[in-house]
Amino acid sequence: MEDLIQALNPYHEVLLLATVAGLVSHQGFRKYEPTISGFLGVFFSLQAITFLQNFVRNGSSPESLVSSTLLAAMFGVVYLGVLGISIVLYRVYFHPLRHYPGPKLSRISKIEWAYRTRGGHFYLHIDRLHKKYGDIVRVGPNDLAFCGVKDVPLINGPMSKMAKGAHMDGSPWAKARSVTFVKERAEHRARRRIWDQGFTTSALQQYEPRITSLLEAVSDQFTARIGQEINFADWTSFFSFDAMGDLGFGNDFGMVKNGIPHMYKEYIHKALKMRSVWINLPWCKYIVNYLPMDDEMKQQTKKFVDFGNERFNARKAKGTTRADIFSHLLAQDEESGGRMPEAELREDAKAIIIAGSDTTSFALVAALFLLVQNEQAYEKLEKEIDALNAKGPMRGTTLGPEQAPYLNGVINEALRLFPPAPEPTQRTYGESPYILNGNLIPPHTNCYVSSYTLARDERNFSQAEKFIPERWIESSRPEKFNHNRKAFVPFGSGLFNCAGRTLAQLELRQFIGTLLHRFHFSAGRNFNPQDFLSALRSNGTMESGSLPLLLTARNVKLEAA
Ligand code: HEM
(Lines give C-alpha, C1' and ligand atoms only; values in the text may rest on other atoms or scores of the structure.)
Protein backbone atom coordinates (compact mmCIF):
# COMPACT_ATOMS: atom_id res chain seq x y z
CA MET A 1 0.00 0.00 0.00
CA GLU A 2 2.82 2.38 0.96
CA ASP A 3 4.53 1.62 -2.37
CA LEU A 4 1.32 2.37 -4.14
CA ILE A 5 0.96 5.72 -2.39
CA GLN A 6 4.57 6.61 -3.15
CA ALA A 7 4.05 5.73 -6.80
CA LEU A 8 1.17 8.19 -7.04
CA ASN A 9 1.80 11.69 -8.30
CA PRO A 10 0.31 14.49 -6.10
CA TYR A 11 -2.75 14.76 -8.36
CA HIS A 12 -3.57 11.07 -8.05
CA GLU A 13 -2.97 11.25 -4.33
CA VAL A 14 -5.41 14.14 -3.89
CA LEU A 15 -7.94 12.34 -6.07
CA LEU A 16 -7.72 9.24 -3.89
CA LEU A 17 -7.84 11.14 -0.59
CA ALA A 18 -10.77 13.31 -1.70
CA THR A 19 -12.70 10.20 -2.78
CA VAL A 20 -12.09 8.46 0.54
CA ALA A 21 -12.89 11.65 2.50
CA GLY A 22 -16.15 12.09 0.52
CA LEU A 23 -17.26 8.52 1.25
CA VAL A 24 -16.29 8.67 4.94
CA SER A 25 -18.01 12.07 5.38
CA HIS A 26 -21.20 10.68 3.92
CA GLN A 27 -21.22 7.86 6.47
CA GLY A 28 -20.58 10.37 9.26
CA PHE A 29 -23.26 12.80 8.03
CA ARG A 30 -25.84 9.98 7.90
CA LYS A 31 -25.51 9.64 11.65
CA TYR A 32 -24.96 13.30 12.58
CA GLU A 33 -26.54 15.64 10.06
CA PRO A 34 -24.35 18.80 10.15
CA THR A 35 -25.56 22.37 10.03
CA ILE A 36 -24.27 24.42 7.10
CA SER A 37 -21.58 25.99 9.30
CA GLY A 38 -20.50 22.54 10.60
CA PHE A 39 -20.28 21.25 7.05
CA LEU A 40 -18.31 24.25 5.80
CA GLY A 41 -15.98 23.83 8.79
CA VAL A 42 -15.22 20.22 7.77
CA PHE A 43 -14.89 21.12 4.10
CA PHE A 44 -12.49 24.06 4.51
CA SER A 45 -10.42 22.20 7.12
CA LEU A 46 -9.87 19.33 4.67
CA GLN A 47 -8.93 21.77 1.92
CA ALA A 48 -6.52 23.59 4.24
CA ILE A 49 -4.84 20.30 5.20
CA THR A 50 -4.43 19.41 1.51
CA PHE A 51 -2.93 22.81 0.79
CA LEU A 52 -0.49 22.77 3.72
CA GLN A 53 0.60 19.19 3.11
CA ASN A 54 1.65 20.02 -0.47
CA PHE A 55 3.07 23.45 0.31
CA VAL A 56 5.30 22.03 3.07
CA ARG A 57 6.35 19.07 0.94
CA ASN A 58 7.29 21.18 -2.11
CA GLY A 59 9.00 24.04 -0.31
CA SER A 60 7.74 27.61 -0.03
CA SER A 61 8.27 28.82 -3.61
CA PRO A 62 5.75 30.75 -5.76
CA GLU A 63 5.34 27.60 -7.95
CA SER A 64 4.57 25.54 -4.86
CA LEU A 65 1.98 28.12 -3.77
CA VAL A 66 0.21 27.86 -7.15
CA SER A 67 0.32 24.08 -7.37
CA SER A 68 -0.79 23.63 -3.71
CA THR A 69 -3.72 25.99 -4.31
CA LEU A 70 -4.69 24.04 -7.43
CA LEU A 71 -4.48 20.75 -5.52
CA ALA A 72 -6.65 22.12 -2.68
CA ALA A 73 -9.23 23.32 -5.24
CA MET A 74 -9.17 19.94 -6.95
CA PHE A 75 -9.61 18.25 -3.60
CA GLY A 76 -12.71 20.39 -2.98
CA VAL A 77 -14.31 19.62 -6.35
CA VAL A 78 -13.68 15.87 -6.11
CA TYR A 79 -14.76 15.74 -2.46
CA LEU A 80 -18.06 17.50 -3.18
CA GLY A 81 -18.66 15.36 -6.29
CA VAL A 82 -18.04 12.07 -4.48
CA LEU A 83 -20.09 13.15 -1.47
CA GLY A 84 -22.98 14.18 -3.74
CA ILE A 85 -22.89 11.01 -5.83
CA SER A 86 -22.62 8.84 -2.72
CA ILE A 87 -25.65 10.57 -1.16
CA VAL A 88 -27.73 10.22 -4.32
CA LEU A 89 -26.83 6.54 -4.89
CA TYR A 90 -27.47 5.68 -1.26
CA ARG A 91 -30.83 7.47 -1.09
CA VAL A 92 -32.07 5.93 -4.34
CA TYR A 93 -30.71 2.36 -4.21
CA PHE A 94 -29.65 1.46 -0.67
CA HIS A 95 -31.80 3.52 1.71
CA PRO A 96 -34.14 1.43 3.95
CA LEU A 97 -37.11 3.42 2.56
CA ARG A 98 -36.20 2.56 -1.07
CA HIS A 99 -39.10 0.10 -1.42
CA TYR A 100 -41.77 2.71 -0.70
CA PRO A 101 -43.29 4.35 -3.79
CA GLY A 102 -42.91 8.05 -4.47
CA PRO A 103 -41.51 10.58 -6.94
CA LYS A 104 -37.82 10.10 -7.83
CA LEU A 105 -36.71 13.62 -6.93
CA SER A 106 -38.18 13.31 -3.41
CA ARG A 107 -35.93 10.34 -2.71
CA ILE A 108 -32.88 12.52 -3.21
CA SER A 109 -33.71 15.86 -1.63
CA LYS A 110 -36.37 18.02 0.00
CA ILE A 111 -35.45 21.04 -2.11
CA GLU A 112 -38.60 20.63 -4.19
CA TRP A 113 -40.56 20.40 -0.95
CA ALA A 114 -39.11 23.69 0.33
CA TYR A 115 -39.95 25.33 -2.99
CA ARG A 116 -43.54 24.09 -2.94
CA THR A 117 -44.04 25.00 0.70
CA ARG A 118 -42.84 28.53 0.08
CA GLY A 119 -45.35 28.73 -2.76
CA GLY A 120 -48.05 27.69 -0.27
CA HIS A 121 -49.31 24.61 -2.10
CA PHE A 122 -47.44 21.78 -0.47
CA TYR A 123 -50.58 20.23 1.04
CA LEU A 124 -52.06 19.94 -2.48
CA HIS A 125 -48.86 18.31 -3.73
CA ILE A 126 -49.06 15.67 -0.95
CA ASP A 127 -52.71 15.09 -1.82
CA ARG A 128 -51.83 14.47 -5.48
CA LEU A 129 -49.01 12.10 -4.45
CA HIS A 130 -51.39 10.01 -2.36
CA LYS A 131 -53.80 9.80 -5.29
CA LYS A 132 -50.98 8.65 -7.55
CA TYR A 133 -48.92 6.37 -5.28
CA GLY A 134 -51.36 5.17 -2.59
CA ASP A 135 -51.69 5.26 1.20
CA ILE A 136 -47.97 5.35 2.01
CA VAL A 137 -45.72 7.59 -0.09
CA ARG A 138 -42.02 8.37 0.23
CA VAL A 139 -42.14 12.15 0.07
CA GLY A 140 -38.54 12.89 1.05
CA PRO A 141 -35.26 11.04 1.65
CA ASN A 142 -36.31 10.10 5.23
CA ASP A 143 -39.95 10.97 4.89
CA LEU A 144 -43.16 8.94 4.56
CA ALA A 145 -46.68 10.37 4.21
CA PHE A 146 -49.63 8.26 5.35
CA CYS A 147 -53.35 8.43 4.69
CA GLY A 148 -54.55 4.91 5.53
CA VAL A 149 -57.16 4.99 8.25
CA LYS A 150 -55.44 2.25 10.27
CA ASP A 151 -52.03 3.95 10.14
CA VAL A 152 -53.05 7.51 10.93
CA PRO A 153 -54.02 7.05 14.64
CA LEU A 154 -50.69 5.34 15.30
CA ILE A 155 -48.85 8.38 13.96
CA ASN A 156 -50.69 11.37 15.36
CA GLY A 157 -53.73 10.00 17.17
CA PRO A 158 -54.26 9.38 20.90
CA MET A 159 -52.55 5.96 20.62
CA SER A 160 -49.40 7.37 19.03
CA LYS A 161 -46.10 7.08 20.88
CA MET A 162 -44.32 9.33 18.39
CA ALA A 163 -42.89 12.79 19.12
CA LYS A 164 -42.85 15.97 17.03
CA GLY A 165 -40.16 16.01 14.35
CA ALA A 166 -37.50 18.49 13.19
CA HIS A 167 -40.17 20.78 11.69
CA MET A 168 -40.77 21.89 15.25
CA ASP A 169 -37.16 22.79 16.04
CA GLY A 170 -38.19 26.40 16.49
CA SER A 171 -36.24 29.48 15.59
CA PRO A 172 -32.45 29.18 15.91
CA TRP A 173 -32.40 32.68 17.42
CA ALA A 174 -35.15 32.33 20.05
CA LYS A 175 -34.00 32.28 23.67
CA ALA A 176 -36.71 29.76 24.65
CA ARG A 177 -39.36 27.56 23.07
CA SER A 178 -43.10 28.13 22.99
CA VAL A 179 -45.25 25.05 23.72
CA THR A 180 -45.60 24.54 19.96
CA PHE A 181 -41.87 23.81 19.66
CA VAL A 182 -41.52 21.44 22.60
CA LYS A 183 -40.97 18.13 20.84
CA GLU A 184 -40.23 15.79 23.76
CA ARG A 185 -43.35 14.07 25.06
CA ALA A 186 -42.69 14.40 28.83
CA GLU A 187 -41.72 18.07 28.71
CA HIS A 188 -44.56 18.82 26.36
CA ARG A 189 -47.06 17.19 28.70
CA ALA A 190 -45.92 19.47 31.54
CA ARG A 191 -46.20 22.62 29.39
CA ARG A 192 -49.60 21.62 28.03
CA ARG A 193 -50.96 21.07 31.55
CA ILE A 194 -50.46 24.79 32.14
CA TRP A 195 -51.86 25.78 28.75
CA ASP A 196 -54.93 23.58 29.13
CA GLN A 197 -55.97 25.58 32.23
CA GLY A 198 -56.57 28.46 29.86
CA PHE A 199 -59.18 26.60 27.81
CA THR A 200 -61.48 25.00 30.41
CA THR A 201 -65.23 25.75 30.30
CA SER A 202 -64.94 28.24 33.16
CA ALA A 203 -61.98 29.99 31.49
CA LEU A 204 -63.95 30.28 28.23
CA GLN A 205 -66.93 31.74 30.10
CA GLN A 206 -64.62 34.48 31.33
CA TYR A 207 -63.36 35.29 27.83
CA GLU A 208 -66.82 35.29 26.31
CA PRO A 209 -67.70 38.93 27.23
CA ARG A 210 -64.49 40.08 25.47
CA ILE A 211 -65.47 38.23 22.31
CA THR A 212 -68.98 39.66 22.57
CA SER A 213 -67.73 43.21 22.85
CA LEU A 214 -65.36 42.74 19.90
CA LEU A 215 -68.26 41.39 17.84
CA GLU A 216 -70.30 44.45 18.74
CA ALA A 217 -67.47 46.55 17.31
CA VAL A 218 -67.47 44.46 14.11
CA SER A 219 -71.25 44.82 13.97
CA ASP A 220 -70.93 48.63 14.19
CA GLN A 221 -68.42 48.62 11.33
CA PHE A 222 -70.74 46.41 9.24
CA THR A 223 -73.72 48.67 9.97
CA ALA A 224 -71.73 51.58 8.56
CA ARG A 225 -71.12 49.58 5.38
CA ILE A 226 -74.60 48.27 4.63
CA GLY A 227 -75.29 48.04 0.91
CA GLN A 228 -71.57 47.92 0.12
CA GLU A 229 -69.30 45.17 -1.10
CA ILE A 230 -66.80 44.38 1.66
CA ASN A 231 -63.73 42.19 1.72
CA PHE A 232 -65.03 39.73 4.29
CA ALA A 233 -61.55 38.20 4.73
CA ASP A 234 -60.23 41.53 6.06
CA TRP A 235 -62.85 41.71 8.76
CA THR A 236 -62.46 38.14 10.00
CA SER A 237 -58.74 38.76 10.17
CA PHE A 238 -59.19 42.02 12.11
CA PHE A 239 -61.55 40.23 14.48
CA SER A 240 -59.37 37.20 15.15
CA PHE A 241 -56.09 39.14 15.54
CA ASP A 242 -57.79 41.57 17.92
CA ALA A 243 -59.30 38.69 19.91
CA MET A 244 -55.93 36.95 20.29
CA GLY A 245 -54.08 40.21 21.00
CA ASP A 246 -56.53 40.86 23.82
CA LEU A 247 -56.34 37.32 25.28
CA GLY A 248 -52.60 36.90 24.80
CA PHE A 249 -51.10 40.38 25.13
CA GLY A 250 -53.70 42.16 27.25
CA ASN A 251 -54.81 44.59 24.52
CA ASP A 252 -56.29 44.22 21.09
CA PHE A 253 -54.45 45.58 18.05
CA GLY A 254 -57.16 48.11 17.22
CA MET A 255 -57.74 46.50 13.82
CA VAL A 256 -61.54 46.29 14.06
CA LYS A 257 -61.74 49.85 15.42
CA ASN A 258 -59.47 51.33 12.74
CA GLY A 259 -60.48 49.00 9.91
CA ILE A 260 -56.84 48.51 8.90
CA PRO A 261 -54.29 45.73 9.56
CA HIS A 262 -51.61 46.15 12.22
CA MET A 263 -47.94 45.67 11.29
CA TYR A 264 -47.78 42.71 13.71
CA LYS A 265 -49.99 40.71 11.37
CA GLU A 266 -48.00 41.58 8.28
CA TYR A 267 -44.79 40.61 9.97
CA ILE A 268 -46.10 37.26 11.19
CA HIS A 269 -47.09 36.34 7.63
CA LYS A 270 -43.65 37.11 6.27
CA ALA A 271 -41.88 35.29 9.12
CA LEU A 272 -44.04 32.19 8.58
CA LYS A 273 -43.16 32.16 4.91
CA MET A 274 -39.45 32.28 5.64
CA ARG A 275 -39.79 29.60 8.29
CA SER A 276 -41.55 27.32 5.82
CA VAL A 277 -38.32 27.17 3.80
CA TRP A 278 -35.85 26.35 6.54
CA ILE A 279 -37.99 23.80 8.41
CA ASN A 280 -37.59 21.58 5.37
CA LEU A 281 -33.89 22.26 4.95
CA PRO A 282 -32.73 22.48 8.58
CA TRP A 283 -29.05 22.57 7.60
CA CYS A 284 -29.54 25.99 6.02
CA LYS A 285 -31.50 27.67 8.79
CA TYR A 286 -28.48 29.36 10.36
CA ILE A 287 -27.64 31.19 7.16
CA VAL A 288 -31.16 32.34 6.28
CA ASN A 289 -30.55 35.66 8.00
CA TYR A 290 -27.48 36.29 5.87
CA LEU A 291 -29.12 35.48 2.54
CA PRO A 292 -29.99 38.38 0.24
CA MET A 293 -33.62 38.79 1.20
CA ASP A 294 -36.37 41.26 1.66
CA ASP A 295 -34.81 44.37 3.25
CA GLU A 296 -38.17 45.45 4.49
CA MET A 297 -38.40 42.16 6.36
CA LYS A 298 -35.17 42.87 8.22
CA GLN A 299 -36.38 46.31 9.25
CA GLN A 300 -39.75 44.94 10.32
CA THR A 301 -38.09 42.28 12.47
CA LYS A 302 -36.74 44.90 14.83
CA LYS A 303 -40.06 46.71 15.05
CA PHE A 304 -41.84 43.42 15.66
CA VAL A 305 -39.50 42.40 18.48
CA ASP A 306 -39.72 45.84 20.16
CA PHE A 307 -43.49 45.91 19.90
CA GLY A 308 -43.80 42.34 21.27
CA ASN A 309 -41.50 43.15 24.21
CA GLU A 310 -43.35 46.35 25.02
CA ARG A 311 -46.73 44.57 24.99
CA PHE A 312 -45.39 41.65 26.97
CA ASN A 313 -44.00 43.88 29.73
CA ALA A 314 -47.22 45.86 29.93
CA ARG A 315 -49.32 42.71 30.17
CA LYS A 316 -47.03 41.09 32.74
CA ALA A 317 -47.36 44.14 34.97
CA LYS A 318 -51.13 43.56 35.15
CA GLY A 319 -50.60 40.17 36.86
CA THR A 320 -53.12 37.32 37.02
CA THR A 321 -56.26 39.32 37.73
CA ARG A 322 -57.18 39.88 34.08
CA ALA A 323 -59.42 37.18 32.58
CA ASP A 324 -57.30 36.05 29.64
CA ILE A 325 -55.07 33.18 28.50
CA PHE A 326 -51.95 34.99 29.67
CA SER A 327 -53.19 34.90 33.30
CA HIS A 328 -53.21 31.12 33.20
CA LEU A 329 -49.71 30.96 31.79
CA LEU A 330 -48.48 33.41 34.43
CA ALA A 331 -50.08 31.58 37.36
CA GLN A 332 -48.35 29.00 39.53
CA ASP A 333 -48.63 25.44 38.21
CA GLU A 334 -50.69 23.59 40.84
CA GLU A 335 -49.05 20.23 40.20
CA SER A 336 -45.39 21.22 40.23
CA GLY A 337 -45.72 24.40 42.29
CA GLY A 338 -43.44 26.13 39.75
CA ARG A 339 -43.92 29.06 37.43
CA MET A 340 -42.98 29.36 33.80
CA PRO A 341 -39.66 31.15 33.19
CA GLU A 342 -40.09 34.59 31.62
CA ALA A 343 -38.37 33.60 28.35
CA GLU A 344 -40.87 30.75 27.80
CA LEU A 345 -43.78 32.96 28.77
CA ARG A 346 -42.67 35.51 26.20
CA GLU A 347 -42.64 32.88 23.46
CA ASP A 348 -46.01 31.48 24.54
CA ALA A 349 -47.63 34.92 24.41
CA LYS A 350 -46.54 35.19 20.76
CA ALA A 351 -47.73 31.63 20.08
CA ILE A 352 -51.25 32.56 21.17
CA ILE A 353 -51.42 35.17 18.43
CA ILE A 354 -49.66 33.16 15.74
CA ALA A 355 -51.60 29.92 16.35
CA GLY A 356 -54.98 31.46 17.07
CA SER A 357 -55.47 34.32 14.58
CA ASP A 358 -55.16 33.26 10.93
CA THR A 359 -56.62 29.84 11.73
CA THR A 360 -59.89 31.16 13.14
CA SER A 361 -60.08 33.91 10.56
CA PHE A 362 -59.67 31.50 7.68
CA ALA A 363 -62.30 29.09 9.08
CA LEU A 364 -64.82 31.96 9.00
CA VAL A 365 -63.81 32.90 5.46
CA ALA A 366 -64.18 29.28 4.32
CA ALA A 367 -67.62 29.01 5.95
CA LEU A 368 -68.91 32.13 4.16
CA PHE A 369 -67.28 31.14 0.86
CA LEU A 370 -69.26 27.90 1.01
CA LEU A 371 -72.49 29.42 2.33
CA VAL A 372 -72.88 32.14 -0.31
CA GLN A 373 -72.73 29.43 -2.97
CA ASN A 374 -75.24 27.14 -1.23
CA GLU A 375 -78.46 29.04 -0.82
CA GLN A 376 -80.42 26.23 0.81
CA ALA A 377 -77.78 25.59 3.44
CA TYR A 378 -77.54 29.34 4.12
CA GLU A 379 -81.31 29.58 4.64
CA LYS A 380 -81.34 26.62 7.02
CA LEU A 381 -78.53 28.16 9.02
CA GLU A 382 -80.29 31.53 9.24
CA LYS A 383 -83.42 29.83 10.46
CA GLU A 384 -81.55 28.04 13.23
CA ILE A 385 -79.61 31.06 14.42
CA ASP A 386 -82.66 33.34 14.27
CA ALA A 387 -84.48 30.95 16.59
CA LEU A 388 -81.49 30.83 18.93
CA ASN A 389 -81.19 34.63 18.98
CA ALA A 390 -84.84 34.86 19.91
CA LYS A 391 -83.97 33.18 23.20
CA GLY A 392 -81.50 35.89 24.18
CA PRO A 393 -78.04 37.20 23.31
CA MET A 394 -75.72 34.72 21.60
CA ARG A 395 -73.24 33.02 23.89
CA GLY A 396 -70.58 30.96 22.19
CA THR A 397 -70.23 28.61 25.17
CA THR A 398 -73.85 27.47 24.84
CA LEU A 399 -73.83 26.75 21.11
CA GLY A 400 -72.72 23.12 21.05
CA PRO A 401 -74.01 20.54 18.55
CA GLU A 402 -77.09 19.77 20.69
CA GLN A 403 -78.24 23.40 20.80
CA ALA A 404 -77.10 24.41 17.31
CA PRO A 405 -76.68 21.29 15.16
CA TYR A 406 -76.77 23.05 11.78
CA LEU A 407 -74.40 25.84 12.83
CA ASN A 408 -71.92 23.20 14.01
CA GLY A 409 -72.48 21.20 10.82
CA VAL A 410 -71.59 24.27 8.74
CA ILE A 411 -68.46 24.95 10.81
CA ASN A 412 -67.33 21.32 10.60
CA GLU A 413 -67.86 21.26 6.84
CA ALA A 414 -65.80 24.44 6.44
CA LEU A 415 -63.00 22.93 8.55
CA ARG A 416 -63.24 19.63 6.69
CA LEU A 417 -63.09 21.05 3.19
CA PHE A 418 -60.67 23.85 4.03
CA PRO A 419 -58.59 22.98 7.10
CA PRO A 420 -56.98 26.24 8.29
CA ALA A 421 -53.66 24.47 9.05
CA PRO A 422 -53.48 22.00 6.14
CA GLU A 423 -49.73 21.30 6.21
CA PRO A 424 -49.15 17.62 7.03
CA THR A 425 -48.17 17.17 10.69
CA GLN A 426 -44.75 15.60 11.20
CA ARG A 427 -43.99 12.91 13.80
CA THR A 428 -40.98 10.68 14.42
CA TYR A 429 -40.08 7.71 16.53
CA GLY A 430 -36.47 8.89 16.82
CA GLU A 431 -33.63 6.43 17.33
CA SER A 432 -35.68 3.23 17.32
CA PRO A 433 -37.17 1.39 14.37
CA TYR A 434 -40.93 0.91 14.48
CA ILE A 435 -43.32 -1.63 12.98
CA LEU A 436 -46.45 0.18 11.88
CA ASN A 437 -49.21 -2.21 10.82
CA GLY A 438 -46.61 -4.60 9.37
CA ASN A 439 -44.48 -1.89 7.69
CA LEU A 440 -40.95 -1.31 8.93
CA ILE A 441 -40.34 2.33 9.76
CA PRO A 442 -36.55 2.74 10.09
CA PRO A 443 -35.02 4.99 12.80
CA HIS A 444 -35.25 8.76 12.20
CA THR A 445 -38.03 8.43 9.63
CA ASN A 446 -40.35 11.42 9.56
CA CYS A 447 -44.01 10.38 9.29
CA TYR A 448 -46.67 12.77 8.01
CA VAL A 449 -50.46 12.93 8.10
CA SER A 450 -52.43 15.45 6.04
CA SER A 451 -55.77 16.58 7.44
CA TYR A 452 -56.71 17.86 3.97
CA THR A 453 -56.19 14.50 2.28
CA LEU A 454 -58.00 12.51 4.98
CA ALA A 455 -61.02 14.80 4.84
CA ARG A 456 -61.36 14.63 1.06
CA ASP A 457 -61.04 10.85 0.82
CA GLU A 458 -64.28 9.13 -0.30
CA ARG A 459 -63.45 6.19 1.98
CA ASN A 460 -63.85 8.55 4.91
CA PHE A 461 -66.57 10.90 3.70
CA SER A 462 -69.04 10.15 0.92
CA GLN A 463 -69.31 12.92 -1.69
CA ALA A 464 -66.19 14.22 -0.03
CA GLU A 465 -65.79 17.29 -2.27
CA LYS A 466 -69.32 18.54 -1.52
CA PHE A 467 -70.47 20.93 1.17
CA ILE A 468 -73.12 18.95 3.08
CA PRO A 469 -73.59 20.24 6.66
CA GLU A 470 -76.29 17.58 7.19
CA ARG A 471 -73.61 14.86 7.24
CA TRP A 472 -72.70 16.02 10.77
CA ILE A 473 -76.24 15.53 12.09
CA GLU A 474 -76.90 11.86 12.59
CA SER A 475 -80.65 12.08 12.00
CA SER A 476 -80.18 13.95 8.68
CA ARG A 477 -77.19 12.03 7.33
CA PRO A 478 -78.14 10.04 4.23
CA GLU A 479 -78.08 6.28 4.69
CA LYS A 480 -74.93 4.36 3.75
CA PHE A 481 -72.94 7.55 3.85
CA ASN A 482 -69.28 7.14 4.78
CA HIS A 483 -68.66 9.27 7.82
CA ASN A 484 -65.40 8.57 9.59
CA ARG A 485 -65.00 11.05 12.45
CA LYS A 486 -61.44 9.83 13.07
CA ALA A 487 -60.51 11.21 9.66
CA PHE A 488 -61.69 14.70 10.68
CA VAL A 489 -58.58 16.21 12.26
CA PRO A 490 -58.44 19.94 11.44
CA PHE A 491 -57.22 20.54 15.01
CA GLY A 492 -54.77 17.62 14.90
CA SER A 493 -55.25 14.72 17.27
CA GLY A 494 -53.51 13.05 20.21
CA LEU A 495 -51.00 14.54 22.66
CA PHE A 496 -49.94 17.46 20.47
CA ASN A 497 -53.38 18.49 19.25
CA CYS A 498 -54.54 22.10 19.10
CA ALA A 499 -54.47 23.68 22.56
CA GLY A 500 -56.97 26.37 21.58
CA ARG A 501 -59.63 24.19 19.97
CA THR A 502 -62.41 25.06 22.46
CA LEU A 503 -61.71 28.78 22.16
CA ALA A 504 -61.64 28.59 18.37
CA GLN A 505 -65.00 26.82 18.37
CA LEU A 506 -66.41 29.44 20.72
CA GLU A 507 -65.25 32.25 18.44
CA LEU A 508 -66.57 30.59 15.27
CA ARG A 509 -69.96 29.82 16.77
CA GLN A 510 -70.39 33.24 18.31
CA PHE A 511 -69.23 35.15 15.21
CA ILE A 512 -71.55 33.29 12.84
CA GLY A 513 -74.40 33.06 15.36
CA THR A 514 -74.34 36.82 16.00
CA LEU A 515 -73.42 38.42 12.69
CA LEU A 516 -75.37 36.21 10.29
CA HIS A 517 -78.43 36.98 12.38
CA ARG A 518 -77.95 40.72 11.94
CA PHE A 519 -76.59 40.86 8.39
CA HIS A 520 -76.93 38.95 5.15
CA PHE A 521 -73.94 38.24 2.95
CA SER A 522 -74.12 37.35 -0.70
CA ALA A 523 -71.63 36.98 -3.54
CA GLY A 524 -70.39 40.47 -4.44
CA ARG A 525 -69.82 41.72 -7.99
CA ASN A 526 -66.16 40.79 -7.74
CA PHE A 527 -66.77 37.38 -6.22
CA ASN A 528 -65.20 34.63 -8.29
CA PRO A 529 -64.89 31.14 -6.76
CA GLN A 530 -62.00 30.18 -9.04
CA ASP A 531 -60.01 33.30 -8.15
CA PHE A 532 -60.64 32.61 -4.48
CA LEU A 533 -59.44 29.00 -4.74
CA SER A 534 -56.34 29.85 -6.73
CA ALA A 535 -55.33 32.55 -4.23
CA LEU A 536 -55.27 30.12 -1.27
CA ARG A 537 -51.80 29.62 0.21
CA SER A 538 -50.56 27.81 3.28
CA ASN A 539 -47.27 28.50 5.01
CA GLY A 540 -48.22 26.72 8.20
CA THR A 541 -51.60 28.39 8.35
CA MET A 542 -53.87 29.13 5.44
CA GLU A 543 -54.13 32.61 3.97
CA SER A 544 -56.83 33.59 1.52
CA GLY A 545 -57.03 36.41 -0.97
CA SER A 546 -60.06 38.65 -0.78
CA LEU A 547 -63.61 37.41 -0.33
CA PRO A 548 -65.80 40.16 -1.81
CA LEU A 549 -69.29 39.92 -0.31
CA LEU A 550 -72.28 42.21 -0.57
CA LEU A 551 -73.46 43.20 2.89
CA THR A 552 -77.15 43.82 3.55
CA ALA A 553 -79.16 44.31 6.70
CA ARG A 554 -81.60 41.64 7.74
CA ASN A 555 -85.06 42.55 8.90
CA VAL A 556 -85.35 39.55 11.12
CA LYS A 557 -88.60 38.80 12.83
CA LEU A 558 -87.54 37.01 15.99
CA GLU A 559 -89.47 33.80 16.45
CA ALA A 560 -89.62 32.52 19.98
CA ALA A 561 -88.41 28.95 19.73
C1 HEM B 1 -60.08 27.08 13.58
C2 HEM B 1 -59.06 27.40 14.35
C3 HEM B 1 -57.86 26.52 14.63
C4 HEM B 1 -57.39 25.43 13.94
C5 HEM B 1 -58.00 24.76 12.73
C6 HEM B 1 -56.19 25.00 14.62
C7 HEM B 1 -55.41 23.92 14.22
C8 HEM B 1 -54.27 23.50 14.86
C9 HEM B 1 -53.45 22.40 14.43
C10 HEM B 1 -53.70 21.53 13.21
C11 HEM B 1 -52.42 22.31 15.31
C12 HEM B 1 -51.28 21.30 15.24
C13 HEM B 1 -51.72 20.01 15.87
C14 HEM B 1 -50.72 18.89 15.70
O15 HEM B 1 -49.51 19.14 15.55
O16 HEM B 1 -51.18 17.75 15.70
C17 HEM B 1 -52.59 23.34 16.30
C18 HEM B 1 -51.74 23.55 17.37
C19 HEM B 1 -51.91 24.56 18.28
N20 HEM B 1 -52.92 25.49 18.33
FE21 HEM B 1 -54.48 25.59 17.09
N22 HEM B 1 -55.94 25.84 15.67
C23 HEM B 1 -56.95 26.78 15.72
C24 HEM B 1 -57.09 27.79 16.64
C25 HEM B 1 -56.30 27.98 17.74
C26 HEM B 1 -56.52 29.00 18.76
C27 HEM B 1 -57.68 29.99 18.81
C28 HEM B 1 -55.49 28.91 19.64
C29 HEM B 1 -55.36 29.77 20.86
C30 HEM B 1 -54.33 30.25 21.31
C31 HEM B 1 -54.61 27.81 19.19
C32 HEM B 1 -53.46 27.38 19.81
C33 HEM B 1 -52.69 26.32 19.40
C34 HEM B 1 -51.48 25.90 20.08
C35 HEM B 1 -50.87 26.55 21.31
C36 HEM B 1 -50.99 24.79 19.37
C37 HEM B 1 -49.75 23.97 19.70
C38 HEM B 1 -50.22 22.84 20.60
C39 HEM B 1 -49.13 21.94 21.11
O40 HEM B 1 -48.11 21.81 20.48
O41 HEM B 1 -49.35 21.37 22.17
N42 HEM B 1 -55.15 27.28 18.03
N43 HEM B 1 -53.73 24.07 16.01
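1. Start with the ligand. 24 residues surround it, and the closest are Gly356, Thr359, Gly492, Cys498 and Gly500. "Near" here means that a residue's C-beta atom, placed from the backbone, lies within 6 Å of the molecule. Keep in mind that this is a predicted model: local features need pLDDT of at least 70, side-chain atom pairs count only at pLDDT 80 or more, and totals for chains, interfaces and linings use all residues. Residues are numbered from 1 along each chain as its sequence is written.

2. Who builds that shell? Helix 16 (342–356), helix 17 (358–371) and helix 21 (501–518) each supply at least two residues, with helix 16 giving the most, 4 residues. (Helices, H or I with at least four residues, and strands, E with at least two, are DSSP runs numbered from the N terminus.) By class, the shell has 14 nonpolar, 9 polar and 1 charged residues. Ala, Val, Leu, Ile, Met, Phe, Trp, Tyr, Cys and Pro count as nonpolar, Asp, Glu, Lys and Arg as charged, and the others, Gly among them, as polar.

3. Now have a look at helix 3 (residues 36–58) and helix 4 (residues 62–94). Their axes come within 8 Å and cross at roughly 150 degrees; axes are lines fitted to C-alpha atoms, for helices over the stretch in contact, and angles run from 0 to 180 degrees between N-to-C directions.

4. Contact means C-beta atoms, placed from the backbone, within 7 Å. The contact residues of helix 3 with helix 4 divide into 9 nonpolar, 9 polar and no charged.

5. On to a sheet: 3 strands form an open one in the order 4-12-9, with antiparallel pairing. Strands pair if DSSP finds at least two bridges between them. Strand 4 (229–231) and strand 9 (519–523) stand at the edges, each with a single partner strand, so one side of each has no neighbour in the sheet. Strand 4 is joined to strand 12 (residues 548–553) by 3 bridges, and Glu229 stands opposite Leu550 in strand 12.

6. Finally, 5 strands form an open sheet with mixed pairing, in the order 1-2-8-5-3. Its edge strands are strand 1 (136–140) and strand 3 (163–164). Helix 7 (residues 122–133) packs on this sheet, touching strand 1 and strand 2 (143–146).

Definitions and conventions
Contact = placed C-beta atoms within 7 Å.
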